[in-house]
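Please take a look at the structure below and keep it open beside the text. We will begin with a few residues, move on to the helix pairs, and finish with the chain as a whole.

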Amino acid sequence: MRPGDLGALLLLGALWGGSFAFIRVAAPALGPFVLMELRVLLATAALAAGALLAASWRSGLLRRWRGFLALGALNAAIPFTLIAASELRLTASLAAILNSTTPLFGALVAAVWMGERLGRGAVAGLFLGVAGVVALVGWSPLPASAAVLLAVVASLAASLFYGIGSVYAKLKFPGLPAPAMAIGQLGGASAVLLLPAAATVPSAPPDQSVLLSVLALALLSTAAAYLLYFRLLASVGPTRTLTVTFLVPAFGVLFGALFLDERLGPGALLGFALILASLLLVTGLVPARARTKRPRP
């Protein structure tokens, strides 16, 4: 990986990791629906203005508007809202670590939907990931209430929808330019969230910290992050780009500690380590059985 690609990967991890802190600040004031509508609507506007909607893209976007509504719901509107709802109860750090299970759910969805074979290493990784989630939640300093457990389920459900959305995008949108995919997906999510957001507009105006968090979430953690993501896909391929999954929770935990005064307990560290090990197995970066070469006599 070239230095420029490595820098882009680190920046992408920081942008997506920072999104959990931005959501933690803004979600209690705006609510999940309004916050996520502002996120995708502002990001769509920024991307469309930057791309100036080339003629070839316009025809592709308009012709596939039904598909983009589905993709926007599966890969943005639903998981974004679930994460925002979960962070009404969870810390940004815990939500970021739970979100790192996305490749595990992606592997399961691809196996069921596309018939992709799960090797022994991937199966072992899935069980290890479940153990990591159990350690993370069971040893958490948060009270073991029904509301907290429901928030954990919502965060994990968001990861499942990301897995479904990624497979849907791969099957339904072959050959469409990557920036057009981003605009179509976020535009579809804006349409899906419009009515729920309009019905839940808060009565009190947001303060400056909330407004800045919304702008940072939309312009940095969504619009700019998608541009980096698609650039990496074209430059280094999906396998290396997938390693951003290992960076996002690390940055999420770091920003939660620096700006929100969140602290990690032993359960979070153990759960993070188990989930990271499971991701290495599921993605094939570490084989289930390491091969060793015998020295020649």
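Ser155 has its place in helix H8; helices here (H or I, at least four residues) and strands (E, at least two) are DSSP runs, numbered from the N terminus. Ser155 has 2% relative accessibility and therefore counts as buried, where buried means under 20% relative accessible area, exposed over 50%, and partly exposed in between (1.4 Å probe, protein chains only). Leaving aside neighbours within four places in sequence, Ser155 is in contact with Ser86, Leu90, Ala95, Leu98 and Asn99, contact meaning heavy atoms within 4.5 Å.

A word on what you are looking at: this is a predicted model, in which local features need pLDDT of at least 70 and side-chain atom pairs count only at pLDDT 80 or more, while totals for chains, interfaces and linings use all residues. Residues are numbered from 1 along each chain as its sequence is written, and side-chain values use heavy atoms, with hydrogens and water left out.

With residues up to four places away in sequence set aside, Ala151 touches Ser86, Arg89 and Leu90.

Next come the helix pairs. Two packed helices are described by the angle between their axes and the distance between the axes. The axes are lines fitted to C-alpha atoms, for helices over the stretch in contact, and the angles run from 0 to 180 degrees between N-to-C directions.

Start with helix H5 (residues 92-99) and helix H7 (residues 120-138), whose axes come within 11 Å and cross at roughly 170°. H5 and H7 are therefore roughly antiparallel to each other; angles under 35 degrees count as roughly parallel, over 145 as roughly antiparallel, 65 to 115 as roughly perpendicular and the rest as oblique. On the H5 side the contact is made by Leu94, Ile97 and Leu98, and on the H7 side by Val133, Leu136 and Val137. By class, that gives 6 nonpolar, no polar and no charged residues. In this scheme Ala, Val, Leu, Ile, Met, Phe, Trp, Tyr, Cys and Pro count as nonpolar, Asp, Glu, Lys and Arg as charged, and the others, Gly among them, as polar.

H5 also packs with H11, at an angle of about 180° and with the axes 8 Å apart, so H5 and H11 are roughly antiparallel to each other. Here Ser93, Ala96 and Ile97 in H5 meet Pro249, Gly252, Val253 and Gly256 in H11. The contact of H5 with H11 has 4 nonpolar, 3 polar and no charged residues.

From H11 (residues 244-259) you can go on to helix H12 (residues 266-282): their axes come within 10 Å and cross at roughly 170°. H11 and H12 are therefore roughly antiparallel to each other. Thr245, Phe246, Pro249 and Ala250 of H11 make the contact with Phe272, Leu276, Leu279 and Leu280 of H12. These residues divide into 7 nonpolar, 1 polar and no charged.

The loop between H11 and H12 is where you will find Asp261. Most residues other than glycine have a negative phi, and most peptide bonds are trans. Asp261, although not a glycine, has a positive phi of about 60°. Is Asp261 buried or exposed? At 55% relative accessibility, Asp261 counts as exposed.

Finally, step back to the whole chain. There are 12 helices and 0 strands. The radius of gyration is 19 Å, close to the 19 Å that the globule rule gives for 297 residues, so the chain is as compact as a globular protein of that length; the radius is taken over C-alpha atoms, and the rule is 2.2 Å times the number of residues to the power 0.38. Along its principal axes the C-alpha trace spans about 70 × 50 × 35 Å. Buried residues make up 48% of the 297 residues. Of the contacts with a separation of 6 or more, 90% come from residues 24 or more positions apart.
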